[in-house]
Amino acid sequence: MPMAVNRLHTAELPAALRDDLTDSWDAFVAAASEAGLPVPSNPDFTASMLRVWASSDFVSGICIDNPAVLYGLLESGDLLADYSAGTYTRKLKRSLKGASDAAELGRSLREFREQEMLRIAWRDLAGWAPLNEVLGDLSALADASVSVALGYLGDWAVQRYTTGTKKKIKPEMVVLGMGKLGACELNFSSDIDLIFAYPEAGETDGERKALSNEQFFIRLGQAVITALDQVTAEGFVFRVDMRLRPYGESGALVHNFSALEEYYQDQGRDWERYALIKARPVTGDPACAQELMDSLRPFVFRRYVDFGVIESLRGMKQMITSEVRRRGLQDNVKLGHGGIREVEFIAQCFQLIRGGRDLGLQQRELLPVLLE
């Protein structure tokens, strides 16, 4: 017999929501019982569960469809734990141990994402985690998903495209996280904006046909995008947006460091300076990643107070305002007047104009720039 939802926990909720919670609770109890799992009886926990479910169909849906995910988080203690740096990567590597092909990799990535998204959302809605922890955890989950997927796919690509008769190409692709990912401010609905780069030109020593480094890394980049972005029966990991790369959708998927530096020096536009403020290496050899960031910094932050960019920024703001008006989003909390995007725009304008001299403005996160 399903346990009744505690009336004390739902008394202040609208009647329709109380009915929905009762239905959800009954469905959860049935699913847990069918899986041979005990029904939670701690009143504090069930009260927390109902508060979370009242706020998120996503969370209640996972608990009902796959209660083992919730019970796994409870058994491990992860639901109540603050993760330290590197935890997502370590846990994901453990869950992927023994993965032998891209299909298995994709399934495991999606299962891990579902588990950790449930944990993050629960801790957020239950009031157990502050905002900076929630945004940091979402960003760290994305970082781990990209870096671990790249690690597996890179190793398989080396085995496939090199013979071992020469020094094998090393999959040292540096992935730059842009936008909210770069600033470690990812939210639950965010895409991840990425740019792929590799250190230098060259070629593999493939047994049938040598591949240029560009071809090798393009194929590797495509495999990473598929592993993360493709919608399967298990869902997706993160939606991937590559449009911030040089030449956008019409440009090569991957560029070497020299090509990137040359592009930004010769053709880089102010909106690309604006975008690169938040660029952060998500994966790749630390020395290679630092080399790339050092080469991009002079393009982003000019050594002088750059008043020349003001007119360009004014034009950019006018285009944004026109698009918001066209789409009827004037009251949108993100895109409308006084919304999140406008606050970010104001902060990044100061970064572009004065960031070359004021090192305190050379930061990716929004709040420290506003307080600077």
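Predicted model: local features only at pLDDT ≥ 70, side-chain atom pairs only at ≥ 80, totals over all residues.

Visitor: Fine. Which helices each supply at least two residues of the lining of the largest pocket?

Guide: Four of them: H9 (179-182), H12 (270-276), H14 (310-326) and H15 (340-354). H14 gives the most, with 5 residues.

Visitor: How much space lies in that largest pocket?

Guide: About 1200 Å³. The lining has 26 residues. Closest to the centre are Asp193, Leu244, Tyr274, Lys334 and Arg341.

Visitor: How does the lining of the largest pocket split by class?

Guide: There are 11 charged, 10 nonpolar and 5 polar residues.

Visitor: And the second largest pocket, what volume does it have?

Guide: About 420 Å³. It is lined by 16 residues. Nearest the centre of this second largest pocket lie Leu131, Leu135, Lys180, Glu185 and Leu366.

Visitor: Which helix has the largest share of that lining?

Guide: H16, with 4 residues. Helices H8 (131-161), H15 and H16 (366-371) each supply at least two.

Visitor: What about residue classes in the second largest pocket?

Guide: The lining divides into 9 nonpolar, 5 charged and 2 polar residues.

Visitor: Switching to packing. At what angle do H6 and H8 pack?

Guide: About 45°, with the axes 9 Å apart. H6 here is residues 87-96. Because of that angle, H6 counts as oblique to H8.

Visitor: Left-handed or right-handed crossing?

Guide: Right-handed, for H6 passing H8.

Visitor: Which residues make the contact?

Guide: From H6, they are Tyr88, Thr89, Leu92, Lys93 and Leu96. From H8, they are Asp137, Ala140, Leu141, Ala144, Ser145, Ser147, Val148 and Tyr152. By class, the contact of H6 with H8 has 8 nonpolar, 3 polar and 2 charged residues.

Visitor: Now H5 and H7. How far apart are their axes?

Guide: 10 Å, at an angle of about 65°. H5 covers residues 67-76 and H7 covers residues 102-125.

Visitor: Last topic, glycine 356. Where is it found?

Guide: In the loop between H15 and H16.

Visitor: What does glycine 356 touch, leaving out residues up to four places away in sequence?

Guide: Phe301, Arg302, Arg303 and Gln362.

Visitor: And how far is glycine 356 from methionine 316 in space?

Guide: 21 Å, C-alpha to C-alpha. In sequence, glycine 356 and methionine 316 are 40 residues apart.

Definitions and conventions. Residues numbered from 1 in each chain as written. Heavy atoms only, no water. 1 Å grid on protein atoms, 1.4 Å probe; cavity = no way out; pocket = protein on both sides within 12 Å on 5 of 7 lines; lining within 4 Å. Points joined across faces, edges and corners; volume = space filled by probe spheres on them. Nonpolar A, V, L, I, M, F, W, Y, C, P; charged D, E, K, R; others polar. Axes fitted to C-alpha atoms, helices over the stretch in contact; angles between N-to-C directions. Parallel < 35°, antiparallel > 145°, perpendicular 65-115°, else oblique. Left-handed = near helix turned anticlockwise from the far one by under 90°. Contact = heavy atoms within 4.5 Å.
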